[in-house]
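Biologist: Could you take me through the helix packing in this model? Please define the terms as you use them.

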Amino acid sequence: MEKRALVLGGGGVTGVAWTIGLLHGLAEHERGVDLSTADLFVGTSAGSVVAAQLTGGTPIDQLYQHELTDTTGDTNATIGSKVLVGFVLAALWPGERARGRARLGRAALKARTVPESERRAAIASRVRRDEWPAARLLIPAVEARTGAVEVFDSASGASLIDAVAASCAVPLVWPPMTVNGRRYIDGGVRSVANVDLARGYERVVVIAPLVAAARRADRPAAQAAALGPGVRTAVVSPTDAALTAIGRNPLDPARRAPAARAGHAQAAEVLDRVRAAWD
């Protein structure tokens, strides 16, 4: 049987909501596709939250209802111009790319943010269980001082919540998170979806709330195309209508319900394409 991978990209709290809405819409359709049966899950930033929830046993319809009713989150958090410039410079830094990521990481280490403990508690309220699932799950993050990429899994020695918190540590917005004595920033600093981590799998579905990247080769669609000949892929990103529902600030918790509904509505439009890649 061909191996299947589900890749879930970053996108803030609205990205979590849109992704969950899309997954629920795909699963409940008359000719539904249940992507929770993947052999591999790759979760980056917001995608790591969804991957942890999806592999943790909570039914997708319950996750969807939670997004519709829960508007909690830090209403003061926003991805401003400094953050965006930092991501761009990290991606375009000449020479060794780890040096660009490290420059952003060191800036994040100096930034004034909430305490790590507060941020970890926020992640724990979403993920809830700290044990790695039986399914294979990969969660990338970036070591703040060196820019080195770390891919956490069940054998990494990191707890699941710590791994997710590290991958979600948006630099200059949230504090770099400590895992095994080292501090990490958002896995999206390396790539918004890290699709290349699914190399070796024959069927790959990528759900990417964000698709922009400073380098064209880092965009989810380009990474999916580079997985190799014979690999069936589908890359799904928000439509214009979904982007309107999501809003401009991906960290705005007030947009969770509209984003979730938009993802749910979009599922019918992409069902055939996803099914062709998956089944």
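Modeller: To begin with a term, contact means heavy atoms within 4.5 Å. By that rule, and not counting residues up to four places away in sequence, T19 touches L8, V50, I207 and P209.

Biologist: What kind of model is this, and how are residues numbered?

Modeller: This is a predicted model, in which local features need pLDDT of at least 70 and side-chain atom pairs count only at pLDDT 80 or more, while totals for chains, interfaces and linings use all residues. Residues are numbered from 1 along each chain as its sequence is written, and side-chain values use heavy atoms, with hydrogens and water left out.

Biologist: Where is T19 placed, and is T19 buried or exposed?

Modeller: T19 lies in helix α1; helices are DSSP runs of H or I with at least four residues, numbered from the N terminus. T19 counts as buried because its relative accessibility is 2%, where buried means under 20% relative accessible area with a 1.4 Å probe, protein chains only.

Biologist: How many residues of α1 are buried?

Modeller: Of the 17 residues of α1, 14 are buried, so α1 is largely enclosed by the rest of the structure.

Biologist: What span should α1 have?

Modeller: Helix α1 covers residues 12-28 and should span 24 Å, which agrees with its end C-alpha atoms being 24 Å apart. The expected span is 1.5 Å times one less than the number of residues.

Biologist: At what angle do α1 and α10 pack?

Modeller: Helix α10 (residues 256-278) packs with α1 at about 45 degrees, their axes 6 Å apart. Axes are lines fitted to C-alpha atoms over the stretch in contact, and angles run from 0 to 180 degrees between N-to-C directions. The two helices are therefore oblique to each other, a class for angles left over once those under 35 degrees (roughly parallel), over 145 (roughly antiparallel) and 65 to 115 (roughly perpendicular) are set aside.

Biologist: Which residues meet there?

Modeller: Among them are V13, T14, A17 and W18 in α1, and A259, A260, G263 and A267 in α10.

Biologist: Turning to I246, where is it, and what does it contact?

Modeller: I246 is in helix α9 (residues 240-246). At 7% relative accessibility, I246 counts as buried. Leaving aside neighbours within four places in sequence, I246 is in contact with T14, W18, P238, R255 and A259.

Biologist: How far apart are I246 and R219?

Modeller: I246 and R219 are 27 residues apart in sequence and 20 Å apart in space, C-alpha to C-alpha.

Notes: Buried < 20%, exposed > 50% of the residue type's maximum accessible area, 1.4 Å probe, protein only.
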